[in-house]
Structure formats: structure tokens, C-alpha cells
Amino acid sequence: MAADALIKHRDGIVGSWSPPPPTGYPAQRDVEEPLNLRDWDPGVRASVIDFDLLSHLHFTQHSEKREDGTLSQEGVSVWHFNVTPGADQSPRTTASRIATVIRPTTEIFQSQLRFLDEYSDLREDRASEILSQTSYPFPFWASIVYLHPDRTKKTIELLDAALRLANFVEMRFKHALACRRPNEYSLQVQPIILTPGHGSFPSGHATENHMIARILWELRKAAYGMSPVLGEQLMRQAARIAINRTVAGVHFPVDTAVGQMLGLTLGRYFIQRAQAGATDFQAWRFDGERYPPEGDFDFRDFCEAGTVTEKPVPSYIAALAAQPAPDKSDILEWLWLQAVQEWRQLP
Amino acid sequence: MVETRKIFDPYLEWAVATKFAYLSGDWFPVLLEVEPSAASFVTRDFNPDLIRVPWIYQAPARDSFDAEVTFWMVIMHRAALTALVEGKGPDSIDDKLQPLLKWIRRLELGSPVVPHFPTPKPLPERRKPLATRPPCTAIVAVIDDGLAFAHERFRFATGATRFKYFWNQDDSTFDRAPQDLGWGRELPGDEINTLLRSSTHAGVIDEDEVYRKAGQRLVARRVKHGTHVMDIACGLDPQEANASSPYLIGVQLPQWVTKETSGGLLTPIVYAALTYILSRADQIAVDDGTAALQVVVNLSYGTIAGPHDGTTPLERAIDQLIAARPTPLRVVLPAGNHYLAQCHARFEMDEAAAPDYPVRELHWRVQPDDQSASFMEIWLPESADIAVRITPPAAPASPWIDAGGLWSWLTADGHVRFRARYMNSAGERPWILLAMAPTAQIEPNPTAPSGTWLVEIKNKGDAIAVDAWVQRGDTPFGYPLRGRQSRFEDRDYVRFDLAGRPKESDNVASPIRRRDTINALATEQNAIVIGGFRRSDYHPSRYSGAGPALTPTSIPLPRIGPDAAAVADDSAVLHGVLAAGTRTGSVVAMSGTSVAAPQVTRLISKLMIDRLASDRRAVQDFAAAHDPGPQPLKPTLQERIGAGRIEVRSAKLRWTRW
């Protein structure tokens, strides 16, 4: 209909064809110019950003030599490639480790099963939360900081990019570590939602939401400075969303603990990729074999909520030697700066 | 046949007859009534494999108990209970029980606990407050389920707790059981303060962390009965809390007790809770260097069936404790929520002679998928001589069961699925307990058929009035569905009026009565009993239990009904009243006389601090003076709301819904 109408309209008004004059039209765009991102539609921007983020990542499989000299079973590491052009313009890379994860033993998962029974007591209380959180729990973040699809659309776009990165990384970890879900260990877990079709460890919800929490923290900090209360609320929210998955019957507490480590780490990685200035990067190793079999998830074990900083207190998380900082992505930086603008007070 | 043997709780007999199939655990608290008094009861002869006596009831601690008190809580092994009830156990057990038997007058079973029994070590002697300096406040104690002790409403503005003591009877970590009682976990106020301080981040207390560090899993849910009740009883905005605000003591009952709503197993541990509160109250006075403090205890629990004449062991014990304490002790109980539950029947029977004995029928409706045992109690006047006959659904009738008689209906493989016991002891009111196995069990335990059970009652003696109550057996708030409430059915009972509203008055054609549905734990003399009314129109809350209790009129304050009523619902559609959820800042609505009672607890604490009278009569006088209706109230209204309605308008109950 519209096309037909437009055909007839043009025929009605166009007149005879004349070559366009040299002025009055936009100039050719610059090559590889991040500012061009402004004009691409968000779906295109998402592809560009995802390409830039994912093309710098690599996974390896290896065992780890612990500080006490013991050797772990094989774990998985995610690495960042810093890229510089070689003499022949081909990329030359150096690697920085982002995180290493070693999975828990079967016995540890079995010991963790009792939490699935105990937390099931809360199902009636948490059912509405659990169901609303099966998809991206945007409303739970929008209710703490003021997110709105019109006012903070670049912030939301930034969070979406972060979520996609978290999802790619966590799924790669889940695939590599291939840990069974609680309902594969016991027929009496009986989750109240469909158990997702991927591995249990690490928890994607824990990863994604801790990453979101950290990014929101940094955005607000850039605009208004430190707010310990905000840190508390963000970390409590992330923990509650993650714990609800244990209530639902689809995750062990240890899944959540590693998800928290991964989410906070990816959050920091993501922010460093969006900003210049960092000199090195703190990588962590989550040693599932050292996780206390009877250990519940306590978000304060690894996180100072008021400042949103990691603290390597738990014996199952080790600080790895400082890695070279990941290089800045001009593409991500553009979106980051756009998002920060949304939080700045008007002059 | 009149029995002369010791009076064992027929609920205990049922537990033994069913081999404790519906209870788990080996050690059971029991409430003992001893003769001649608790103070004379000698403990050293008891065998620790069978009976443990908490230190607090042993000399010299118990020297501080007054001679009038005849109750004790002890913890007994099921082997001992079995031997006691069956009258004959293995000789090894019988010999060990002999020293106990001569002391027992009554024995009532409680829900199982996991006792710690720490190695006896020298305990500090329980000190009585001797100073004369008057205390600056009073103590509010709450015995309940789900007490969020870290909640802001129980803190000072400094962040310090107002709790002096908290005892979680449900904690079996053995970490810090109160030494003088031997199970659960005690958290004194300074320990709570340490937890609060170490869980403060960015100036905000992480209450989840407090409970996690304390190992307390009581209040994970948003709404808990105990927190709501406690906020109403003694919650304060921290800015308003000061040195004269009441001191707080909390006792968390085992969740098992709350889940097992019959309340038949509640009494021993409630008695232990009262003992605990009184001992800690003395300790507080000693620590403060003041005279003893006045104490008001809120016990928002209720059951349906019982003699309703103030004689059950817990009621007697509460009366004794109140009478024995020189400094005022008040115990506030709810009137119960079973006015419309069809759980009470009453009828009169003419005097009769053979062979024309009159027979009346009761129909007891038991629901399918009821995973808790069901009970009915039939209470008779002392002179009564009747017989009962039971006809289960689709099964032959029992024989007529006479005084002192017993009939058990067994499964094909010989397990007890139903038991009728006609208690007839000299000097006591005769009564009959009908006990029924659950109608559904996941475990391979015996079950009873659901449906309508026929209970026939034949009068063989003087003209009498017969009262029957179906015991509580529903699922309490906030627990997985387990029990389903059984009830009486009768074709003449009218549930709804012509406009379709629940009918709130009795019609004489039906034996099912709304009257005398008052909480069966709340018919004693000295406790203060509170009904519920609607704030919007001052009408009694539909469920609020009614008197009269069967107190002899010779008693100065017969129990016509509750002593007073407080707001239990904001209106006919806005059920409940608002008070705290389990986390600071949350507000939730809960209804029931359970939330009315603590309003009066709060009032009493204020009267105490102001050094005014706070006993039953004082509460009645206060209610009569403040009731908005014309005085005196009609007797039918008094049966439901007592002397009057107390509306706590501004007394720091912050929230109303319009």
C-alpha cells in the first residue's frame, strides 16, 4: 500500500531528473570511525560491538599448579588478546588471562544437594520473582537505578552488550566444564521451572547480574561519585536473583559463587575495554575442587559490596599474577561515553 | 469404671499405640504435673537414659520457684513413655521408672526435640533480684514462630538491639544451647549486637547476613507470624526507642510445633519458654541492679479442642506462674479464629433408663489428603455416664464404648488407624478422645478413610449437656500444605444468611455451635484473652472465637468470653492489620486474633511502665472505658469481644490503610 502510494506520489511531483549539485549533501565518512556508530541502527551496532569484543577472546584447557604445589584437574581459562599490527600488517597478539575456572568434584555437587531441598522451602515465597527472572531481569535493575527506554537508551544498549558478552563467555565455560544440573543428581529436586538445556556450572544468572551490577555501579560513580548504599543494593539484588535459581531448583550454591566471580571479573574487563588508562588487569582463579562441600553462597565472601571490589578471602579463589591491561576498544568506548552522558547532570 | 491410675495424656497414648509413626525423634519434652509440688520433686534418682531434667528445674535453681508451682518440663525417651503408657515395659525400664511414678499426677506429651544434654558443668546459681531500686521499664516477651530479631523495629537508633535474650528452641546445632535448659540456641543481646555490628556495611545492616552468621534459618520468607506479632507487641521506630522502652525477650518455638497445628504437642515447650523468660527476667534485674521487672508475655497460639474450663496442664501452669510471681506477670492469648469453623457441637440429653436410652448423632467430616492426624474430644460433666459408638465411612460400627473403655480399629496388618478412649478418672471430668490416622501418607504408615464418620452418643445416666470439639488440624500460615481441617457436618446448620453473608448466630436446631469456640488454651483464670474486631465498623471479626468458657460461676471473674477485643481486620475487605514483614522496611497485612492480642500486650507494657494496674480486671476496665458502643454491652456481644473494643489508634502502630 505505502509503496504504491509512494510510486504515485513521486510520479506526481518529481519532475525531470537533474544531476545533484556538489554542496548540500553529506561528505564521505571516515574509515573505522567510531563516531559513525551513532548513525547505525542498534542491531547493527550490536553486531559491530559483539565482533570487537568476541574477536579478542580465546579459551584454553589446562590444569593449574596451585600455590601449595598440587596440580588441579583440567580447568578452563578465558584470555584476552591484545593486538598490534605486525610489519606485514598481520595482527600480532599477546595474551592476558581474564579468569580460570576449575570445576568441583562429583562429591562436592552431591554435598551441595541438601541446599536444593532446604531452599525449596522458599518456593512459594519466591515463585513470582523466579518466573519474572527467567528472562532478562531488567525491571529489577530499573527499580534500583532509574532506567527508562527513552531516557537511558544508550545505558540499556550498553547493558545489553555486556549481557551478550557474559552469555557468550558463560556458555563457553558451561560447555567446556559440562557440569550436571541438580535434577540429574536427585529425582526429588523437581525444579519449578524448566531446567535450561546447558550445564549447571557456572550460573549464567549469577554471571550476568553481577556483571550488570558492576557496570551500573561504574556508570553512577562516573556521574555522581561513590555511593556505598548503591553498592549494597546492587550487590544484594544480584545475589538475590542468583539465589532464586537455587530456590527454583536449577542451581547449586557453588554455581552461583563461580558466577559471581566471573560476572564481577567480566564487568571489570568490559569497563577496562571501554576506557583507556588501566595499566594491568587482576585475573582470578575459581578452584571448584577447593570449594567447601557444605558451603552455601554468601555474596560477601568475595565482594566488598559498599565499594564493589573483589576481596580474595575465600580459599577457593586465588588471585593470579597481574596481567597486562586489555586494550581499549574504540567502538565500546563510544557507547560507554554515550551511556555516561545519560547520567550526567544538566549544567 | 472409674480409673485410679495416673493420668496420661491420651494424645500420648495415641502416640504409643501408633508406635510414634507420625512423630519423629527419640526424645520428647513432657509437661509433668507433680505431687505435692514442683519444689518437693527430687531429681537425683532418675535414669539419664530415660529422663533428663533441665537444670533449671533442679535444685538449687528451682529453689527460686515458689511452692505453689506443680509443673515441670522434663525430656523423656520414647522407650520410657511407651513403658509408662503400656504399664509394663522391659523390667530394666520399669525399675528405672519407679522413682518417677510416685510423683506424677498428670503427664502431657510435647513435640520431639533434639536435646543437647551438655556435660554438666558448674552453673551459676540462679540469682533472684534483691535490689529495691525500681526498674525503669518492663519486659515484653514473645513466644512465636519466625521472630526476625535483627529487624529495625527491635533496635535503637544506634543500631543496637532492644533484645535482651533470644532463645531459638529449633536450633539443633548445639552451639550455644542455654545451659540451664539443654537444647536450642540462646542469643543474648550483646551477641546480637556483635552480629549486627559485623553485618553493617555502608551504614546499612544486612539482615540476611546476620541470620546467616547466627546460623538462624527462621525468617527467610517475607511474611512470618512471629515478626508481625512482635512488631505489634513491641516494635518501635528506632528514633522513638529509649531507655524506658520495654526490654525484649523472644522465644522461637520449634517449627514442628507450629506445623503440628493440633497444639496438642505444644504445651511442654511453651512451659519451658515461660520458665526461660522468667529466669532471664530475673537475670536482667540482677544485672541492672534493680528490683524485679514486670513481664508481659504474648502467646499468639490457639487450639480448638479441650475442656474449656481452665484445667488443662498448660492453663493451670500459666495460672500458677502468674499467681506465684510477686512482681506482675501477664500472659496474653488470642481468642482463636474458629468461630465459623464448625468445630464445636453441643447438645443436651435427657435423663434416661434402660432400655430407652436416648441416642444423638454427630457427623465428623474428615478431608481426603489430610496428612496430619485428626482428633475429636467429647467433654462431659462429672456425673455423666454415656456410651459412644463409631461408624467409619463404609465400615462396620464399633461396639458401644463405655466409661473407661477403649476401642481400636486396626488395619489388615494390625496397625492402629483409629482409637477411641473414654477417660474416666476419679474427681475429673470424663472425656473421650477420638484419634484418627492421617487420611493420606506418603510414608508407608497406616491411614484412615476420609469421609463422614458417624459418632453416636447414648446417655445412660442423668440429664447432661455434651460438648464436642474437633481439634485443630489445618496447615499454618507459611508452611507446605499438610493438614486439612476436619469439622462437624449437620443438615440443620446454616452457613449463610439470606443475603449470602456468613451467618454469625447459632440456630438451636443444629448441634453445631459457634458459641464456646474460644481458644482452648485460653480459658484459665489469670491470663488475658483478646478477640478481634473490624476497625471500619467495630463488628467482631467473623472468625473471632466466642465464649463462654465453662468456668464455675463461683470464680470471681468467670470467662464469659475474651476479656477485650482489638483490631484484627481493617475492614470487611481489608483483611488483617499492617505490621512488619521479616526485613526492615517491609510492611505486610496479617489477620486473626493472633494480631489482636499483641495490641493489648503493647497496652499492658505501657500500663506497666506507667506503674498502673495491668491484670485481667484492669484490661477489662480499660476496654469498657474505651469501647465506642453503649455500655453495658449485650451478653451476646460480650461473648465475642469481652468488656469492650480497644482501638490502638496512634500508639506507634504506624500504618492504617485509609
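## Polar contacts between the chains

A polar contact is a pair of N or O atoms within 3.5 Å; within protein, one of them must be able to donate a hydrogen and the other to accept it, and residues adjacent in sequence count only if both atoms are side-chain atoms. The model is predicted. Across the interface of chain A and chain B, eight residue pairs are in polar contact, both residues being at pLDDT 80 or more.

On the side of chain A that touches chain B, α3 (106-119), α4 (123-132) and α9 (228-248) of chain A each supply at least two residues. The most comes from α9(A), which gives four residues. By type, the residues on this side of chain A are four nonpolar, no polar and 11 charged.

## Salt bridges and buried area

Between chain A and chain B the count is five salt bridges. One salt bridge joins R300(A) and D206(B), with the closest N and O atoms 2.5 Å apart.

In all, 15 residues of chain A are in contact with 11 residues of chain B. About 1,200 Å² is buried between the two chains, and carbon and sulfur atoms give 44% of this area. Of the area that chain A buries against chain B, D125(A), R236(A) and R300(A) supply 36%, more than any other three residues.

## Helix α11 of chain A

Helix α11 of chain A covers residues 330-343. At 1.5 Å a residue, its 14 residues should span 20 Å, and the end C-alpha atoms are 20 Å apart, which agrees.

Buried residues of α11(A) include W334(A), W336(A) and W343(A), along with I331(A) and L332(A). Among the elements that cover the buried residues of α11(A) are α2 (42-54), α6 (153-177), α8 (204-224) and α10 (253-274) of chain A.

Terms used. Residues numbered from 1 in each chain as written. Chains lettered and ligands numbered in written order. Predicted model: local features only at pLDDT ≥ 70, side-chain atom pairs only at ≥ 80, totals over all residues. Heavy atoms only, no water. Expected span 1.5 Å × (residues − 1). Buried < 20%, exposed > 50% of the residue type's maximum accessible area, 1.4 Å probe, protein only. Contact = heavy atoms within 4.5 Å. Buried area = accessible area lost by both parts, 1.4 Å probe. Salt bridge = Lys/Arg side-chain N within 4 Å of Asp/Glu carboxyl O. Nonpolar A, V, L, I, M, F, W, Y, C, P; charged D, E, K, R; others polar.
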